[in-house]
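Subject: Structure handover

Hi,

Here is the structure for you to look at.

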Amino acid sequence: MHVTVKNKFTRRARANGLFAILLSLASLIATLPAVTAQAGGEVAGTVTDPRGAVVVGATVTVLEVTAGVTVGTATTDARGQYRVANVPAGSYAVVVSAGGFREGRLDAVRVEEGKRAAADFKLEVALADTTVTVTASGLKPNSDPVYAGLRAQPREAGPGFTVNNLVLKRDAASFTLKSGELYFVQAVEGRHVAAVFVGDGEMTLTPPEPRERESLKLFTDAETLTEGFTELVLRFSDTTFDEVKASPAAAPGASAQAGRALELYRSNQTLARKQLKRNLDLRALVDLHSTSQRPGFFTAFVSGRRYGKLVFQIDPLGVVAGFGPNGSGSIGLGPEQVALASLGDDNWGIWTSFHMAGEYARRTANSNQNRRLTNILNHDLDATLRGTRLLVTDTVTLRAQSSGNRVIPFDLFPGLRVTRVQDAEGADLNFIQENKDEDGDFAVILPQASQAAKTYKLTVQYEGEGAVKDYGDGNFSLDTRSNWYPSNGDFQFGDRATFNITFRYPKGVTFIGVGSPAGPETDEGGMRVAKWSSGQTELAVAGFNYGKFKKKELTDADSGYKIEFYANASMPPEIKSYELERLSEEIRRGSSDIFTEDAAASSASTTGAAGGAIDDTRNAMRIYNVYFGKLPYTRIAISQQPYGNFGQAWPTLVYMPYSAFLDQTTRAKLFGSKFGTNTFFDYVGPHEVAHQWWGHTLGWSSYRDQWMSEGFAELSTSLWVERTLGRDKFIKFWEAQRKEIVEARPQTKNRRPYEVGAVTQGLRLLSGKTGATYQFLVYPKGAYILHMLRMMMWDTRNPKGNPDERFQAMMQDFVRTHFNKDVSTEDFKRAVDRHVTPDMDLDGNRRLDWFFSQWVYGTQVPSYRFEYSVAGNALSGRITQSGVSDTFKMRVPVYVDFGKGWVRLGSATINGNSTVELSPTPIPLPQTPKRVAIAALNDVLAVQIENVKR
Ligand SMILES: [Zn+2]
């Protein structure tokens with residue numbers, strides 16, 4: 001795929017969760033009755049400017065600091081006076097903001113019952129504001145004075161300290177600066193946000209959880225990291241400076257290493273901008289402009305003696321870490337706030353990631369937490385495509401999740417250059433967006449601090465090349481599928497919103513949006529105008545496809561969905577040579593895109609295959625509808641993209657690889673016989689269609705939960721295989737999945753995928769040490785987990801003759817309970833627990849803890865040996881389970897075949913490494929079986945299964 005690694009990973013790897021939104025609202029609601037239930041006291045005062053003249057219209061906010069809740073606001077009147085009444089007795093911060101002035105703040109204002117607390121302010125003029133150039137088309141980017149201060153290259157080092165065994169403790173990590181000098185970079189707005197250490201130091205880190213210690217061990221061979229260093233660059237908004245200043249282990253006045261420290265800081269600035277391409281100054285700005293009581297962030301760039309380039313991060317908003325060799329990409333680890341990453345060539349990866357210690361203590365550490373600053377509610381997009389230049393106005397409606405934030409980060413493709421940002425009244429707003437080839441992250445700066453639960457409307461104008469690519473002959477691709485509009489920041493992913501899209505484009509081309517057309521297309525000023533809308537259904541992401549397509553469509557009376565099919569009329573000649581070369585190279589290296597299941601390519605026309613693809617889609621929609629219930633959409637478009645090696649699904653819109661529509665002969669001719677019959681081409685359609693349920697109707701809360709999206713889409717594909725291609729293909733399908741999980745191969749750095757980690761490690765399974773283990777574990781093992789549940793729920797005596805009735809009931813309950821929301825692994829477990837059958841209830845507590853700890857959170861896979869004998873119509877035998885811990889348990893079914901296919905006889909529970917006899921002994925059968933086997937439908941994931949006849 002032709003997007004940068006950063007886009008690729010950030011597109012899918014960020015987190016979300018709605019429960020935390022509810023939590024923050026709940027805390028607000030819990031506070032408000034207290035305000036009205038008692039009269040309380042009040043805060044009042046006068047706001048003046050430096051000359052003593054009154055300031056009219058200033059906003060005054062009274063904040064309850066520990067909960068971060070606004071208890072009242074007021075605006076100063078014509079006499080510059082304000083009054084906030086009904087404030088419960090307690091201690092508050094009072095914050096004043098007014099255009100052209102620096103924010104005023106008084107902490108620890110005491111309010112007593114029935115009394116007035118005075119809080120007068122004399123505001124300072126925001127000097128730098130006067131230097132801002134206001135042009136007709138809005139403010140210049142990056143002109144916020146505080147930001148300019150953060151961004152500047154310092155000419156000299158700030159205060160220096162000689163340190164002697166200074167210890168900085170940061171959650172599970174500890175930095176000991178044994179001897180040397182520590183220099184702070186000059187303060188901005190009175191706050192130091194960077195420091196450099198030169199000398200002899202050591203960091204130690206012990207992750208709080210056993211599984212995370214195992215992860216660390218993959219990279220370090222030990223469960224605790226101990227790493228010496230000679231240089232350390234710190235970026236922070238926490239209390240590091242005050243801590244050092246107050247420490248007896250730090251003596252002020254160092255100067256010997258000042259030059260070296262300055263040099264190291266500058267090279268760190270270059271690293272961030274040109275290599276990591278992440279705007280670290282913007283992250284600091286979020287906190288410097290914040291009046292909330294959220295703790296600050298802390299990032300340590302460690303030049304380690306042994307491991308090289310390590311980065312330790314604590315971020316209360318959720319960690320976004322460098323990812324890939326040299327940190328060229330990034331991954332959102334939120335809502336986890338603590339992580340250690342390596343940016344090395346060979347050992348790159350996320351070594352460990354977890355929640356802050358306090359969250360484990362309070363038992364609030366879970367992936368449903370939402371740390372977003374805002375919740376985007378709606379996008380009104382008006383876009384024009386001129387050639388490949390996209391010109392867009394997006395009016396974004398969002399709701400503040402918390403109070404006190406002025407900087408709102410968005411994820412917008414940096415090649416799309418923002419020209420203007422305005423608020424609901426049309427006033428121009430400051431914004432940040434650096435060079436498109438460097439750290440071009442986009443953020444808007446509100447003139448005043450956000451108020452929790454308040455709704456804001458921002459209009460963003462932007463344009464640029466690179467979002468849409470032209471491959472010739474009517475073949476186009478939207479390459480920036482999740483960030484061609486300002487989506488919710490880099491902190492977490494998949495913020496569901498409603499979309500209204502007006503799209504203007506040249507005549508003779510077809511546009512396919514998401515949601516549904518909001519009316520017939522029109523002509524306007526020589527262009528086609530299409531209007532699309534998601535209606536009331538929130539979508540996690542919106543995109544479009546575009547090109548010279550031939551269209552077919554049908555409405556399936558059975559499932560009720562309208563299915564549209566768009567194939568390019570012709571294939572540009574460039575793709576042939578270019579794609580073939582690239583693909584064969586990628587397949588050789590085994591390093592193709594993470595969303596690739598395997599691939600080949602071709603040229604030639606693809607429109608001829610439309611019937612087959614429509615049939616496949618119709619069948620898939622019917623089957624998934626029966627198993628999982630109805631979608632929140634009424635239509636789906638299957639469209640071709642000029643890439644041959646991967647498919648991708650957006651709500652109501654599937655991007656199919658053109659190669660999937662070619663017949664086997666054409667594929668084999670162009671790519672060799674091996675790829676002519678590759679199942680990727682047959683299965684990519686049903687897999688992508690299944691993402692309408694897994695990924696869109698139910699999204700994932702964090703990277704820990706993405707396994708359900710890919711795994712359940714694969715399980716869904718297996719249902720399609722079973723129903724349309726038959727049992728044999730179904731068994732082959734699972735056998736292929738099993739091999740991916742248990743076999744070591746060069747793509748996984750010769751590690752057995754299941755031993756590397758749990759499916760809940762998600763994209764972290766990609767690393768310099770573990771190669772592409774992600775593809776070989778998350779897809780197939782994620783699928784196997786659900787397959788094993790299905791097989792345990794399989795009911796051969798179902799009165800309606802539907803052996804899947806219980807499984808379908810469970811899956812539909814899961815979908816219904818979380819309809820059009822994001823889910824965590826724990827949400828899924830709760831759904832499974834609601835449908836426990838006696839066969840699955842191995843602990844006798846109607847809970848599947850045993851199953852989840854082994855298969856979902858664990859890394860064990862057993863082996864089985866079944867020795868049996870048949871004497872006439874009698875079967876006897878014994879099953880041995882091995883290669884597991886003593887607490888491992890599993891239910892293993894026994895099958896016989898009388899000549900009409902596998903029939904399940906029953907199942908046995910096996911604990912630990914042990915052998916069980918079939919009972920009764922012998923088992924009487926109606927006739928002599930042709931075949932006997934355990935787990936004949938690959939019911940249990942196993943390294944090896946031997947069926948031995950005695
Ligand atoms: Zn997928």
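The notes below go from the metal site to the cores, the sheets and some backbone details.

This is a predicted model, in which local features need pLDDT of at least 70, side-chain atom pairs count only at pLDDT 80 or more, and totals for chains, interfaces and linings use all residues. Residues are numbered from 1 along each chain as its sequence is written, and side-chain values use heavy atoms, with hydrogens and water left out.

**Zinc site**

The zinc ion has three protein donors: His687 (NE2), His691 (NE2) and Glu710 (OE). They lie 2.1 Å from the ion. Donors here are N, O and S atoms within 2.8 Å of the metal (3.2 Å for Na, K and Ca); water is not among the atoms, so sites may look incomplete. Along the chain, the donor spacing reads H-x3-H-x18-E. Histidine 687 sits in helix 13 (residues 680-690) and glutamate 710 in helix 14 (residues 706-724), so the pair links distant parts of the chain, 23 residues apart. Helices (H or I, at least four residues) and strands (E, at least two) are DSSP runs, numbered from the N terminus.

The classes are: buried under 20% relative accessible area, exposed over 50%, partly exposed in between (1.4 Å probe, protein chains only).

**Nonpolar cores**

A nonpolar core is a set of buried Ala, Val, Leu, Ile, Met, Phe, Trp, Tyr and Cys residues joined through side-chain atoms within 4.5 Å. The largest one has 212 residues. Which of its members touch the most others? They are Phe175, Phe312, Phe828, Phe851 and Ile879. Helix 17 (residues 773-793) gives the largest share of this core, 14 residues. Apart from it lies another core of 21 residues, including Val55, Tyr82, Ala117 and Phe121.

Phenylalanine 828 touches Trp707, Met708, Phe712, Leu786, Leu789, Met811, Phe814 and Phe852. That list leaves out residues up to four places away in sequence. Contact means heavy atoms within 4.5 Å.

Four strands form an open sheet in the order 26-27-24-31, with antiparallel pairing. Two strands pair if DSSP finds at least two bridges between them. Strand 26 (430-432) and strand 31 (487-488) are at the edges. Each has a single partner strand, so one side of each is left without a neighbour in the sheet. Strand 26 runs antiparallel to strand 27 (residues 442-445), and three bridges join them. Isoleucine 432 has alanine 443 in strand 27 as its bridge partner.

Helix 7 (residues 280-288) lies across strand 24 (407-411), strand 26 and strand 27. It runs at about 145° to strand 24. Axes are lines fitted to C-alpha atoms, for helices over the stretch in contact, and angles run from 0 to 180 degrees between N-to-C directions.

A further open sheet has three strands in the order 50-49-53, again antiparallel. Its edges are strand 50 (902-911) and strand 53 (931-934), each with a single partner strand. The twist averages 20° from one strand to the next. Strand 49 (residues 889-897) pairs with strand 53 over four bridges. Valine 894 stands opposite isoleucine 934 in strand 53.

**Backbone details**

Most residues other than glycine have a negative phi, and most peptide bonds are trans.

- The peptide bond from glycine 334 to proline 335 is cis, with omega near 10°. Proline 335 is in the loop between strand 19 (329-332) and strand 20 (338-342).
- The bond from threonine 921 to proline 922 is cis, with omega near -10°. Proline 922 is in the loop between strand 51 (915-917) and strand 52 (923-924).
- Asparagine 86, in strand 4 (residues 81-87), has a positive phi of about 60°. It is partly exposed, at 41% relative accessibility.
- Aspartate 171 has a positive phi near 50°. It lies in the loop between strand 11 (160-170) and strand 12 (173-184), and is partly exposed at 23%.

Best wishes
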